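Hello,

The structure you asked for is below. My notes follow it.

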Amino acid sequence: MRWKYVLHIIGALVACIGLTMVLPLGWGLYYGDGTAYPLGLSMVITVVSGGLAFTFFRDSDASKKTSIMTHREGMAIVALGWFAAGVFGGLPFYLGGTFGSVVDCVFESLSGFSTTGSSVLVDIESVPRGLLFWRSLTHWLGGMGIIVFSLAILPFLGIGGMQLYKAEVPGPSPDKLKPRIKDTAMTLWKVYLLFSAVETVLLMFGGMDLFDALCHTFGTMATGGFSTKNTSVAAFDSAYIDYVITIFMIIAGVNFSLHYLLLKGRFKSLIKDPEFRVFAMMIALFIVVITVFVYAEGNYDTVSDSIRYTSFQVASILTTTGFATADYELWPGVTQAILLFCMFVGGCAGSTGGGMKVMRIMLLFKQSYQELFRLIHPRAVSHVKMGRIVVKDDVISGVWGFFILWLGLLVLAAFVVASTGVDVVTSFAAALACIGNIGPGIGGVGPTDNFAWLPDIAKWALTFCMVLGRLEIYTVIILFVPEFWRK
């Protein structure tokens with residue numbers, strides 16, 4: 001492991017994060033809310049720290065061999081880079097005096113960058129707007145990925161960048177749209193930026209000002225869920241805004257490679273994609289079923305209101321966005337069970353959504369069916385397919401390994417939280433909400449609650465879970481395997 005080279009690249013990533021703080025600094029100066037000092041000082045500290053690390057290690061022998069970046073170094077850069085982002089991203093919160101402790105600052109920061117959306121804020125609307133904008137901006141940066149962002153704008157990461165891309169992009173197999181990885185990253189960011197701009201304009205048409213429109217766009221396209229209001233999107237009480245955000249949450253939950261192909265005029269690629277078809281059918285089915293139950297139980301007076309609130313919450317939970325327009329804990333028990341299942345599934349591979357991903361769930365079911373088929377026809381030759389493509393055995397084994405690790409770490413995290421005195425239901429829900437990058441859960445961390453009351457040990461454990469979920473388990477856990485550090 002060439003540690004000087006690893007720190008060299010991480011320094012560049014940290015400096016990039018520091019430069020993005022100029023955007024919330026501008027809002028702080030515009031509103032005169034007193035955040036210019038904490039944001040400005042945080043920006044200086046972050047840029048200088050990153051710049052020093054980048055410069056100090058640049059002339060080392062290791063940093064001159066960027067063309068042969070190893071897979072281990074790529075994984076170390078991504079994992080440690082995200083933790084560094086969480087620490088430096090929490091500086092504005094700490095210096096601004098918004099949060100009571102270091103753990104709260106890091107929790108909120110990594111909740112933003114990992115697009116989890118879990119929050120320790122009790123009164124969001126009392127927070128200065130400069131800090132609220134930074135809080136939402138961390139979503140947007142983390143949604144497409146800090147590393148992918150850096151690959152798009154920093155030419156020196158173009159060599160050996162595939163290791164970084166594979167280690168960060170969600171899904172069993174990342175799509176490479178262009179021959180050069182830097183061009184792939186730039187393409188994904190252009191699509192991401194285009195949808196963000198369109199949603200911002202549409203939300204402004206619905207009555208939001210530019211500030212709120214940008215913040216909610218960041219939370220939507222990153223499937224994060226940070227809002228500027230205490231009651232989330234429900235505060236705007238607008239069916240138009242609800243439906244706009246619902247549509248863009250679904251868009252963000254789809255593989256961005258498909259969006260690129262769609263924009264290139266290849267419309268059939270979307271319909272032919274088996275993962276998208278399953279994702280779309282799940283959304284439609286869950287909306288219909290939950291609508292029937294909530295209307296029959298009298299939760300809403302009209303069918304239109306039932307569809308409006310149900311479709312929003314299904315899209316929000318399935319894509320792991322976490323926005324809320326209703327307290328689904330008041331809905332019938334069967335609807336909560338469906339939403340709990342949605343928390344496990346998550347969005348599509350290659351989307352900004354969290355969870356296990358639709359593709360992995362499909363592969364697990366297909367592989368399980370194949371084993372039953374082999375029991376009946378032991379001499380038959382059969383393969384697991386996604387559409388017409390045969391899935392390689394190493395991908396299947398990777399999915400099963402991910403599934404076991406995901407469930408094991410979920411149980412372990414729930415045990416750690418419960419050991420601090422939190423009830424079992426809340427412990428499990430909190431662990432699921434964080435490792436699945438969902439945001440709200442059930443019990444004491446439901447849609448109308450927050451994570452502020454949890455003990456510090458539980459917050460540290462859940463913070464770690466957020467990064468685990470965002471980086472798809474392997475990239476972080478591999479750092480704790482002794483063989484990873486051996487030559």
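Is the crossing of α1 and α3 left-handed or right-handed? It is left-handed. Please keep in mind that this is a predicted model.

Helices α1 and α3

Helix α1 covers residues 3-20 and helix α3 covers residues 36-56. Their axes lie 7 Å apart, and the two helices pack at an angle of about 160°. Since angles over 145 degrees count as roughly antiparallel, α1 is roughly antiparallel to α3. On the α1 side, the contact is made by Leu-7, His-8, Gly-11, Ala-12, Val-14, Ala-15, Ile-17, Gly-18 and Leu-19. On the α3 side, Met-43, Thr-46, Val-47, Gly-50, Gly-51, Ala-53 and Phe-54 take part.

Helix α15

Helix α15 runs over residues 274-296, which is 23 residues. From its first C-alpha to its last, α15 reaches 33 Å, close to the 33 Å expected at 1.5 Å a residue. At its start, a side-chain oxygen of Asp-273 comes to within 3.3 Å of the backbone nitrogen of Glu-275. Just after the helix, Gly-298 has a positive phi of about 80°.

The buried residues of α15 are Pro-274, Glu-275, Phe-276, Phe-279, Met-282, Ile-283, Phe-286, Ile-287, Ile-290, Thr-291 and Val-294. For reading that list, an α-helix has 3.6 residues a turn, so residues three or four places apart point the same way.

Two single residues

Phe-195 sits in helix α10 (residues 181-205). Its relative accessible area is 14%, and buried means under 20%, so Phe-195 is buried. Leaving out residues up to four places away in sequence, Phe-195 touches Met-221, Phe-248, Ile-251, Phe-256 and His-259. One of these, Phe-248, is 53 residues from Phe-195 along the chain, and the C-alpha atoms of the two are separated by 8.1 Å.

Ala-413 belongs to helix α19 (residues 393-418). Ala-413 is also buried, with a relative accessible area of 5%. With residues up to four places away in sequence not counted, Ala-413 touches Ala-431 and Cys-465. Phe-56 is 357 residues from Ala-413 along the chain, and their C-alpha atoms are 38 Å apart.

Regards

Notes:
Residues are numbered from 1 along each chain as its sequence is written. This is a predicted model: local features need pLDDT of at least 70, side-chain atom pairs count only at pLDDT 80 or more; totals for chains, interfaces and linings use all residues. Side-chain values use heavy atoms; hydrogens and water are left out. Helices (H or I, at least four residues) and strands (E, at least two) are DSSP runs, numbered from the N terminus. The expected span of a helix is 1.5 Å times one less than its number of residues. Buried means under 20% relative accessible area, exposed over 50%, partly exposed in between (1.4 Å probe, protein chains only). A polar contact is a pair of N or O atoms within 3.5 Å; within protein, one must be able to donate a hydrogen and the other to accept it, and residues adjacent in sequence count only if both atoms are side-chain atoms. Axes are lines fitted to C-alpha atoms, for helices over the stretch in contact, and angles run from 0 to 180 degrees between N-to-C directions. Angles under 35 degrees count as roughly parallel, over 145 as roughly antiparallel, 65 to 115 as roughly perpendicular and the rest as oblique. A crossing is left-handed if the near helix is turned anticlockwise from the far one by less than a right angle, and right-handed if clockwise. Contact means heavy atoms within 4.5 Å.
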